[in-house]
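Q: Please take a close look at one strand and its surroundings in this model. Then place it beside the other packing in the fold.

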Amino acid sequence: LSGTGLWGGLFFLSFFFFFVFLLQPTTKLFIDGKFIDSKSSEWLDIHNPATNEVISRVPKATQQEMLSAVNSCSQAYLSWSETSILTRQQIFLRYQQLIKDNIKELAKMITVEQGKTLADAEGDVFRGLQVVEHACSITSLMLGETLPSITKDMDTYTYRLPLGVCAGIAPFNFPAMIPLWMFPMGMVCGNTYLLKPSERVPGCTMLLAKMLQDAGAPDGTLNIIHGQHAAVNFICDHPAIRAISFVGSNQAGEYIYERGSKNGKRVQSNMGAKNHGVVMPDANKENTLNQLVGAAFGAAGQRCMALSTAVLVGEARSWLPELVERAKKLRVNAGDQPGADVGPLITPQAKERVNSLIQSGVEEGAKLLLDGRNVKVKGYESGNFVGPTILSNVTPDMKCYTEEIFGPVLVVLEAEDLDEAIKVVNQNPYGNGTAIFTTNGATARKYTHEVDVGQVGVNVPIPVPLPMFSFTGSRGSFRGDTNFYGKQGIQFYTQIKTVTSQWKAEDATLKSPAVTMPT
Ligand code: NAD
């Protein structure tokens, strides 16, 4: 090639790549009822975890865009907070129907961006839908209290009132369910909402926003911004935002809890986990092993309620070979492929991290009974796949035990008896979820009573409470004092006004000022 030809070729190639870049689909912002293109100069690629192909780009919203979004929330709050509760209820009744009608479309988007299997993605939407359905009972949930005749002619009553603008910051692992824990509960109480979905899976949130608009939510009641640290800091600092709901890692959650609280906001922060499944020798073996395998490896272990640690008690220790056999049978494949049980991890970095935690276990003396590190998925050689992995002989000082792995890895510890098993669980700093497998009622009762974990299953491996209850992770898995959804969710998104009123008959009028404290 001549010099001129080379430069011409390079010019053509850069023009071509710039053109391809422009053609790539982008994620919009949702501000004041409009889906708009960001003017940001900073964009992040979104990949399909099964192939690592770039499927879209998401902007880091500019300061100006974030300000417009929060101003839109503040403006909309003036009328939304005065909208009748029946109107809000009707909007969410229409919304739950729209979500139901579009479960498959939402699930497809989840599988493309997040990687989980289609069936599991439908479960993700369904568990979020249940929260929206629950929000529809707002007319009962928001009732205040009354006490007549607290003294002569005097009554006291309370109102539950919205706070103002609330905000949510969501993780990547449940692209539908977790945003649906947030804005429907906040909005149905009369708040307006600023949401920042995970920058790795924003697509599902955008579909949910469109459906909410179609259900009749007025412009500005929900605004969506995208980004990472700058967007998070903006939410923690902006004075108009009264409350923040966060779900994600401890690193981010503790930071957001502190920064948001320091700025006088309410913060509820659901964070990481290490959930133990205690297996008693009297358990129904078939049922228990299947439950354990499903809960450890489902969603490739990327669930905060994954049962990532088994504690085999007494004779149950001999069940290990059968556990391994069951895990081997799971099919690792792209989430949209028929029969897939275990999809890819979210990023190549996540895969590398999981692999290195497996290696650390081996180096610290654990026994690698099943190694998923070299799994090959035909047709998806570039995906972030790790197959089911089981490490036994694990002790509480090992890194594979002290860290949340967030991958398809089950670490197995052993205990002589129930007391020792309870001690292990209670010494772990996390308190998100746990399960015991037993056929003995007294054993189950002792475990549920003595274990210091917020959500306990008895022969139920993933005890995520339905929305009439609340998601009650505890200790190192939670910061704040009111949990997500259920009664506690309503409490989080409302404040109480107490009215004390006295209506006296004309002849009971005070004849002189009462200067002492009323008793
Ligand atoms: P993550 O903390 O990386 O991201 C969550 C959100 O925080 C994202 O919107 C992200 O943009 C933002 N963020 C990330 N790092 C930040 C930082 N250093 N400072 C400020 N903001 C930051 O979490 P993830 O990887 O998306 O999700 C996985 C984690 O979430 C796991 O630890 C899992 O256990 C946890 N999780 C907990 C629950 C629960 O209810 N307890 C539910 C789902 C997931």
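A: Helices (H or I, at least four residues) and strands (E, at least two) are DSSP runs, numbered from the N terminus. This is a predicted model, where local features need pLDDT of at least 70, side-chain atom pairs count only at pLDDT 80 or more, and totals for chains, interfaces and linings use all residues. Residues are numbered from 1 along each chain as its sequence is written, and side-chain values use heavy atoms, with hydrogens and water left out.

The strand in focus is S10, residues 241-247. With strand S11 (residues 266-270), S10 pairs in the parallel sense over 5 bridges. Two strands pair if DSSP finds at least two bridges between them. S10 also pairs with strand S7 (residues 165-169), again parallel and over 5 bridges. There, Ile169 has Phe246 of S10 as its bridge partner. Strands of a sheet pair through backbone hydrogen bonds, either parallel or antiparallel.

S10 is mostly covered: 6 of its 7 residues are buried. Buried means under 20% relative accessible area; exposed is over 50%, and partly exposed lies in between (1.4 Å probe, protein chains only).

Now a helix pair. The axes of H4 (residues 103-114) and H8 (residues 203-214) come within 8 Å and cross at roughly 160°. Axes are lines fitted to C-alpha atoms, for helices over the stretch in contact; angles run from 0 to 180 degrees between N-to-C directions. H4 and H8 are therefore roughly antiparallel, the term for angles over 145 degrees. Glu105, Leu106, Met109, Ile110 and Glu113 of H4 meet Gly203, Cys204, Leu207, Leu208 and Met211 of H8. Contact means heavy atoms within 4.5 Å. By class, this contact has 7 nonpolar, 1 polar and 2 charged residues. Ala, Val, Leu, Ile, Met, Phe, Trp, Tyr, Cys and Pro count as nonpolar; Asp, Glu, Lys and Arg as charged; the others, Gly among them, as polar.

Conventions:
Angles under 35 degrees count as roughly parallel, over 145 as roughly antiparallel, 65 to 115 as roughly perpendicular and the rest as oblique.
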